[in-house]
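Hello,

Here is the structure I promised to pass on. Have a look at it first, and then read on for what turned up.

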Amino acid sequence: MFGRPDQCIRRGGRGRFDVTWVLRQAQLSRPYAVEVPNLNTIALELVPPNVEDGRERALEDARKVAQYAREYGLDGRIRHVMIPGMIAEDDDRPVPMKPKLDVLDFWSIIKPELPGLHGLCTQVTAFMDESSLQGRLTELRDAGMEGVVFVGVPRTMNDGEGSGVAPTDALSIYRQLVPNRGVILIPTRDGEQGRLNFKCNQGATYGMTQLLYSDAIVDFLAEFAKNTDHRPEVLLSFGFVPKVETRIGLINWLIQDPGNAAVADEQAFVKRLATSEPAQKRQLMLDLYKRVIDGVADLGFPLSIHFEATYGVSGPAFATFAEMLAFWSPAQEV
């Protein structure tokens, strides 16, 4: 989900972006040549439950994942759980934000229920100083988090606001502490080519896309490949859209970008998915998945897959994910 601390936060804010400043910084920055293994994974996002629901809800979610993975042939194929760090965001969020379990607490509860799975997470950096953030990242690493996506302020704030470490600074400051340093990638966002290039210069090793409800990522990565030698790993994010979306509209809210025609098209596709019957819904998602994979497979970017069930894991969500992976799945070493 995004800043998921709210999905949106995790995906970074949508505040004003100073392209001139980024280009100037990119000229001053040097790419880091440290080689790290690709994640090469299928990751499933699990949002920490509300604190009031506690341990029992966390265990219930983990056991559902194990059950559905067995039922739909994904047991042993999902390699990571992606846990977003959650902070409060806009007041108009369709599902009000309540205090969530901390990433580390949630991970400690669900890890024994999901043997063989490793952890990924997002970490909001913009409200922590360097020392506090280093301590937090050390705890995440020691708990088995194999990759951390650095995210900043919610979209109600402008890029660069926040009293702590900017995500782009964290990429370079903690490059020895966190080998797999991730960033949010929103292919429909204005100025995103420059953003990603700068983040790679700063030391990003992978980008996790916002939920993809179009194939805009294909043209984005094709253009990026023409203009830079950077080839970060890309976690392509796909989200299941249940019928309840027609009533609540959380996914529509999470991907919003007022005035952006490309995002308006994606929102229309989300509405179509929400109102479709199960078989048609699976086919629509499979067709999108095929277009994306066929379009990016030969561009030179290592690829992983990130699945999300925004309203909670379910049998229909896993059935859809299984059909998508039957078409293409990241090669995994045995």
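**What was found**

Arg247 is exposed, with a relative accessible area of 65% (exposed means over 50%, buried under 20% and partly exposed in between, using a 1.4 Å probe and protein chains only). Arg247 belongs to helix α9, residues 245–248; helices here are DSSP runs of H or I with at least four residues, strands are runs of E with at least two, and both are numbered from the N terminus. Between the C-alpha atoms of Arg247 and Ala274 there are 9.4 Å in space, and 27 residues in sequence.

Before you go further, please note that this is a predicted model, in which local features need pLDDT of at least 70 and side-chain atom pairs count only at pLDDT 80 or more, while totals for chains, interfaces and linings use all residues. Residues are numbered from 1 along each chain as its sequence is written, and side-chain values use heavy atoms, with hydrogens and water left out.

**The overall picture**

The protein has 13 helices and eight strands. Of its 334 residues, 56% count as buried. If you take the contacts with a separation of 6 or more, 84% of them are between residues 24 or more positions apart; a contact means heavy atoms within 4.5 Å.

**Two helices side by side**

Helix α8 (residues 216–227) and helix α12 (residues 278–296) have axes that come within 8 Å and cross at roughly 10 degrees. The axes are lines fitted to C-alpha atoms, for helices over the stretch in contact, and the angles run from 0 to 180 degrees between N-to-C directions. α8 and α12 are therefore roughly parallel to each other (under 35 degrees is roughly parallel, over 145 roughly antiparallel, 65 to 115 roughly perpendicular and the rest oblique). On the α8 side the contact is made by Ile217, Val218 and Leu221, and on the α12 side by Arg291, Val292, Gly295 and Val296. These residues divide into five nonpolar, one polar and one charged; in this scheme Ala, Val, Leu, Ile, Met, Phe, Trp, Tyr, Cys and Pro are nonpolar, Asp, Glu, Lys and Arg are charged, and the others, Gly among them, are polar.

Ser276 sits in the loop between α11 (261–275) and α12. With 5% relative accessibility, Ser276 counts as buried. Its side chain is joined to that of Gln280 by a polar contact of 3.3 Å. (A polar contact is a pair of N or O atoms within 3.5 Å; within protein, one must be able to donate a hydrogen and the other to accept it, and residues adjacent in sequence count only if both atoms are side-chain atoms.) Neighbours within four places in sequence aside, Ser276 is in contact with Lys281 and Leu284.

**Aromatic pairs**

How many aromatic pairs does the structure hold? There are seven, where rings of Phe, Tyr and Trp (its six-membered ring) pair if their centres lie within 6.5 Å, and planes under 30 degrees apart count as stacked, over 60 as edge-to-face and the rest as tilted.

One of them is the tilted pair of Tyr68 and Phe318, at 5.7 Å centre to centre and 45 degrees between the planes. This pair links distant parts of the chain, with Tyr68 in helix α3 (residues 54–71) and Phe318 in helix α13 (residues 315–327), 250 residues apart. Tyr68 and Phe318 are both buried.

Phe238 and Tyr289 form an edge-to-face pair, 5.1 Å centre to centre with 70 degrees between the planes. Phe238 lies in strand β7 (residues 233–240) and Tyr289 in helix α12, so the pair ties together parts that are 51 residues apart in sequence. Both Phe238 and Tyr289 are buried.

Ring pairs also link Tyr68, Phe307, Phe318 and Phe321 into a cluster.

Glu192, in helix α7 (residues 192–202), is buried, with a relative accessible area of 2%. Its side chain reaches the backbone nitrogen of Ile186 at 2.8 Å, and makes a polar contact with the side chain of Arg189 (2.8 Å).

Pro330, in the segment after α13, is buried too, at 3% relative accessible area. Pro330 and Thr41 are 289 residues apart in sequence, yet 6.3 Å apart in space, C-alpha to C-alpha.

Best wishes
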